[in-house]
Amino acid sequence: MRRGDKPVNIEVTEPVRVEALDLDAQGIARLTPNEEELAEGQGGKVIFIKGALPTELVTYTITSDKARFSKAKVREILKPAVFRAEPKCAAFGVCGGCTMQHLDIRAQVAMKQRVLEDDLHHIAKVQPEEILRLMGGPTWEYRHRARLSAVNRSIKKGTVLIGFHEGKSGYVADMLACEILPKHVSDLLPEMRRLVMGLSIVDRMPQIEIAVGEPEDPNSDDPKKNKPVTALVFRNLQPLTPADEALMRAFADEHQVWIWLQPKGIETVAPFYPETGKLCYRLPEFEIEMPFKPADFTQVNHMMNRALVSKAIRLLEVKTTDRVLDLFCGIGNFTLPLARKAKQVLGIEGLATLTTRAKANAEHNGLQDKVSFMQSDLFEVTTETITSWGKAERWLMDPPREGAMEICKSLADLHLQKSDLLPERIVYVSCNPKTLARDADILCHQAGYTLKGAGIVNMFPHTSHVESMAVFDKT
């Protein structure tokens, strides 16, 4: 236990008004300062209240007490907020995902927009010239990728639990459905429980990864070809017995899923039954079909990904004479659509497996003459690295949560050298507003760029995840 951390269970009947909400969807309230706090010029103690929303009057139960703040859960809501919503999922409050289900979707979006603007203001000390129009889409059944944990609770609970982790816990939530998974996948949760319970390695099957692709042929009259393709990757820490294999095949046949196995590291993921199949998603606007494997990184929300790619390429304002760089390109999600617009595109990615997949996807779409791919560690970039890439008028960057600080610092160094290698426009797709703001600080105050626009992409409704996009122009 850390110093000052006191686990308690104290019911507080004195009402408090909630002032704000943090990204863990906890209501933030502040108590009236006592004499000692007033003497030290401090405000009252902060209470983080799980289940409470801004403007609400609530009583609460303190669950953890520290010197400067306490954590609590709602005891009674005396005056609910007008933007309070009824959670749709039966596991809400237990499962660690979708912590904002009790908040109206419009209020969720407004909060995420505020987070982005606040981070740009406080960290980067910049304000976008334009707030980009919100990009939203389906709010339920949108998650086409998921990693579920499996744990054998046969002694304690009489079953195997398969689902997401409980909030801030190593325990797996007891869930029989998930409202953000496609319904046909959600309906499989209890069936997967029964399957794993019947295996001889029930204690050695800790994880099931789900990947849903688009139908093989959406216009076909054949029901096997016009339904989504669903792959399940079972993490088997011991080999399957012949009886286990028979159960797996029967499950795949009954539920029309494609089963893969992962006995060791990610490189061991391989199809089990059927032996062949096809996972893909499509970008119809650009006539692109993207085959992928279950372990490949792809966006979880297919519909929003279509909108994201379309918007990013429009914002990049690519000309037919332009050479474009796509940094952190993955399997070519932006690279291949860009190749439909630009003269030439170079995609750069840190993982060799992804660049291999990207090259194959370029050939699949007949774009191998317009795109090339390079493996490079984009977290170890210098001015010499950028020089080796060659001049490109447009850059698209889609980094992971760590951001692209070394790239931005190298652009700042090139700016000091008055280099002509700096792109005229950068579109930066971000999954972390804080690292976006940090990088915007470098681009705007050291590399000679102006923040033309920024806005959020509601890629993960009901969660605290903030996806955003920003546009930078060379001044």
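Let's start with Glu 289. Leaving aside neighbours within four places in sequence, Glu 289 is in contact (heavy atoms within 4.5 Å) with Lys 278, Cys 280, Tyr 281, Arg 282, His 364 and Asn 365.

A word on the source. This is a predicted model, where local features need pLDDT of at least 70, side-chain atom pairs count only at pLDDT 80 or more, and totals for chains, interfaces and linings use all residues. Residues are numbered from 1 along each chain as its sequence is written, and side-chain values use heavy atoms, with hydrogens and water left out.

Back to the residue. Glu 289 sits in strand S15, residues 288–291. Strands here are DSSP runs of type E, at least two residues; helices are H or I, at least four; both are numbered from the N terminus. Is Glu 289 buried or exposed? Buried, at a relative accessible area of 17%. The cut-offs: buried is under 20%, exposed over 50%, partly exposed in between, with a 1.4 Å probe and protein chains only.

Its side chain makes a polar contact with the side chain of Arg 282, at 3.0 Å. Another, of 2.7 Å, joins the side chains of Glu 289 and His 364. Polar contact means a pair of N or O atoms within 3.5 Å; within protein, one must be able to donate a hydrogen and the other to accept it, and residues adjacent in sequence count only if both atoms are side-chain atoms.

Now the sheet. Eight strands form an open, mixed sheet, ordered S7-S21-S22-S20-S19-S16-S17-S18. Pairing needs at least two DSSP bridges between two strands. S7 (130–131) and S18 (371–375) are the edges; each has a single partner strand, so one side of each lacks a neighbour in the sheet.
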